[in-house]
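Q: Could we go through the helix packing and the chain totals here?

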Amino acid sequence: MQFFVDNLLAIISVAPVTILLAVTAMVIGATIGLGCAIIQIYKLPFINRLVSLYLAVIRGTPVLILMFLAYYGIPQILFSLAQSTSLNISVNAVPPIFFAIIALSLDRSVYLTQAIRSAIQSIPNGQLEACYSVGMTTFQAYKRVIIPQALVIAIPNVSNLFLGAVKESSLASIVSVVEMMNMSNIQAVNSYRYTEIFIIVSLLYWGICLGFEFIFSAIERRLMKGKMTV
Amino acid sequence: MSNPMLQLRDIHKAFGTQHVLKGINLTVEKGEVVVILGPSGSGKTTLLRTVNFLEKADRGSITANQFTVECLDAKKQDVLMLRRKTAMVFQNYNLFANKTILENVMEGLIIVKKIKKKIAEKKGLEVLDKVGLADKANAYPNQLSGGQQQRAGIARAILLNPDVILFDEPTSALDPELVGEVLTTIKKIAQTGVTMVVVTHEVSFAKEVANRIVFMADGNIVEQGPPEKLLVNPEKERTKQFLSRITSEKGSTDFSN
Amino acid sequence: MDQIIDLTFMGSAFPRIIEAIPTTLVLLCLSMLLGLVLGFILTVMKVKGNKAMVLLASTYISFMRGTPPIVQLFLIYYGSPNLLSYFGMNVDRWDKMIFAFIAFGLGNAAYLSEAMRSAYLSVPSLQLEAAQSVGMTDIQAFRRIILPQTLVVAVPNLTNSTVIVLKNTSLAFTIGMVDLVGQARMVSSAAFGAKNLEVYLIAALVYFVLCIFIEQFSQFLENYFKRKMGQLR
């Protein structure tokens with residue numbers, strides 16, 4: 001029992017890192033995703049094609065590979081640049097979590113693009129026309145009317161994507177970020193009790209996912225209710 | 001009462017607290033065409049569905065061509081046997097979405113009656129010709145109009161050569177201009193001497209095709225008789241009410257070719 | 001060091017890395033197969049089962065969806081030998097492939113059963129009634145009418161799952177399997193770790209192309225099924 005509690009506490013102590021990874025990946029991913037979604041909706045010539053290629057490539061690449069590419073590739077590129085330009089660039093001081101966040105954000109951006117695009121497109125065109133009729137610009141219309149409505153519609157998808165981010169953040173352990181999975185590895189190697197430790201960490205992930213699922217559905221219910229009464 | 005093809009005894013059915021069928025007794029002779037009329041919610045569709053065991057009656061028994069099933073302790077085999085003695089034409093056609101029209105009508109022959117595919121195909125094409133769909137044999141249901149789909153549904157039913165064909169409001173999902181073609185088809189089938197039970201709203205059609213009209217209301221059979229009697233000179237007040245409302249609405253399609 | 005990416009090295013590393021494609025594909029196929037079988041069982045439990053079975057299946061699905069694949073892989077790889085030794089089984093000698101495909105298959109089953117269930121529920125119950133009305137048994141109705149219609153709806157979701165499982169198989173190197181990633185790492189360490197960017201670019205490219213193949217194949221399947229239902233001409 002003591003063993004269980006000790007390990008549980010040790011793993012929980014790095015849970016904030018897991019959450020931080022997931023949240024940052026979602027925020028950066030949503031920013032990229034919003035840009036990509038708007039480019040796709042308005043079918044901007046040429047850039048639209050680039051975006052489609054970007055989405056296809058990232059979707060077709062395992063996050064693990066993205067992780068390796070960011071972790072090994074960025075320093076390698078910067079090193080070559082430094083050599084050829086004799087500038088003094090070094091990434092040695094950059095903590096590994098930085099690379100993990102880049103990889104996770106790229107991956108999330110693909111799915112968030114889809115979620116955002118379908119949410120925006122589900123808003124009836126009349127809403128936009130109504131905005132124009134009262135004299136709003138397109139930007140104002142999106143900011144004040146379209147996106148707030150789309151957000152509510154996107155919640156179930158965003159909830160799923162966030163839970164996905166929590167789970168994917170476990171891959172950061174492979175590039176030596178000490179989050180929940182990596183901490184479990186450390187504990188397991190120290191105690192040789194792999195089975196128990198991985199049961200503990202899996203229950204923890206499960207609990208976190210169920211918790212966030214609950215929170216998201218509560219938010220959705222709240223917002224839907226607001227919509228009904230208005 | 002020489003040769004009953006279908007006999008329902010004391011059929012009861014409740015959905016929750018709602019008593020939909022309150023002890024229905026009905027006998028249909030061989031070759032007879034019985035039309036069931038009644039306001040919506042009278043239980044007529046439910047009655048038809050209990051005959052095919054799409055709804056299981058709470059009490060009573062069903063006899064189709066000398067094969068009797070007690071509704072309460074019906075075994076899977078009994079239900080299957082009963083279904084194979086009857087065929088159903090649905091309000092919403094319910095053609096198999098993954099099969100062509102020809103495959104739809106052949107399906108029962110091949111799977112249930114174990115008839116060789118070549119023969120089934122020949123028979124299928126014949127029956128499609130009969131309902132005027134020979135040129136649509138290889139089309140899929142979603143490529144057909146409602147009226148065409150319903151005629152295919154009728155073809156599927158008659159090809160099984162059942163003892164009784166049950167029609168569940170076969171025209172009520174159709175656009176008005178398509179009702180005629182379906183009713184013509186049903187009339188044609190009726191003339192071949194098949195035993196039929198038809199639930200419908202089309203009073204003028206009932207007059208033309210029925211040997212007997214059964215009027216239902218609130219889960220009971222109110223009265224029954226030949227159309228010329230029941231439609232012109234009904235005995236019960238409830239029937240008169242229903243008929244006067246129908247004729248004043250003039251909602252029914254005139255069906256006099 | 002005149003170029004950032006060493007294309008000559010990539011050219012020579014490429015054939016060595018793609019040697020591992022069969023391993024990755026076998027792992028993918030076995031995982032999908034186990035996932036489909038188990039997913040089907042879970043679906044039946046949820047659709048037709050009693051309360052206890054529904055609860056059991058739902059809990060299983062929730063757990064598998066709530067935990068990262070890498071944790072599931074470690075649980076199976078490190079945990080199952082422990083567990084099975086209680087029953088007197090010694091699985092230390094088992095090929096790592098077995099642990100990997102069991103882990104991915106178990107996780108995948110949860111997602112597949114959701115896909116199957118929603119596809120099954122999307123076929124109107126009226127289709128079953130129509131099949132019953134012509135006298136089919138339940139099994140005949142399922143096999144000839146319900147299943148074909150379910151498949152059309154399920155193809156896009158099954159494709160998604162296949163792509164996800166393909167990407168998940170990249171985790172197999174963490175238990176020492178030499179799949180695409182494992183092979184890439186070996187090629188990289190043979191170059192003393194100086195060519196990491198190049199080997200992982202190759203790996204990324206291979207995964208990307210495999211995904212495109214899977215998507216093309218599924219598009220073909222979907223069109224085929226749709227044509228069979230007359231939705232395409």
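A: H5(B) passes H6(B) in a right-handed crossing, that is, with the near helix turned clockwise from the far one by less than a right angle. This is a predicted model, where local features need pLDDT of at least 70, side-chain atom pairs count only at pLDDT 80 or more, and totals for chains, interfaces and linings use all residues. Residues are numbered from 1 along each chain as its sequence is written, chains are lettered from A and ligands numbered from 1 in the order in which they are written, and side-chain values use heavy atoms, with hydrogens and water left out.

Q: At what angle do H5(B) and H6(B) pack, and how far apart are their axes?

A: Helix H5 (residues 146-159) and helix H6 (residues 176-190) of chain B pack at about 15°, and their axes are 8 Å apart. H5(B) and H6(B) are therefore roughly parallel, the term for angles under 35 degrees.

Q: Which residues make the contact?

A: On H5(B), they include Arg151(B), Ile154(B) and Ile158(B); on H6(B), Glu181(B), Val182(B) and Ile189(B) are among them. Contact means heavy atoms within 4.5 Å.

Q: How do the residues of that contact divide by class?

A: The contact of H5(B) with H6(B) has 6 nonpolar, 5 polar and 2 charged residues.

Q: Turning to chain A, how do H2 and H3 pack?

A: Helix H2 (residues 15-41) and helix H3 (residues 47-59) of chain A pack at an angle of about 130°, with axes 9 Å apart. That makes H2(A) oblique to H3(A). Their crossing is left-handed, so the near helix is turned anticlockwise from the far one by less than a right angle.

Q: Which residues are involved there?

A: H2(A) contributes Ile32(A), Cys36(A), Ile39(A) and Gln40(A), while Val51(A), Tyr54(A) and Leu55(A) are among those from H3(A). By class, the contact has 7 nonpolar, 3 polar and no charged residues.

Q: Now chain C: how many helices and strands?

A: Chain C has 9 helices and 0 strands. Its C-alpha trace spans about 75 × 55 × 25 Å along the principal axes.

Q: What share of chain C is buried?

A: Of the 233 residues in chain C, 48% are buried, meaning under 20% relative accessible area with a 1.4 Å probe, protein chains only. Chain C exposes about 11100 Å², of which carbon and sulfur atoms supply 68%.

Q: What about contacts along the sequence of chain C?

A: Among contacts in chain C between residues at least 6 apart in sequence, 78% join residues at least 24 apart.

Notes: Axes fitted to C-alpha atoms, helices over the stretch in contact; angles between N-to-C directions. Helix = DSSP H or I, 4+ residues; strand = E, 2+ residues; numbered from the N terminus. Parallel < 35°, antiparallel > 145°, perpendicular 65-115°, else oblique. Nonpolar A, V, L, I, M, F, W, Y, C, P; charged D, E, K, R; others polar. Buried < 20%, exposed > 50% of the residue type's maximum accessible area, 1.4 Å probe, protein only. Areas by Shrake-Rupley, 256 points an atom, 1.4 Å probe, with all protein chains shown as cover.
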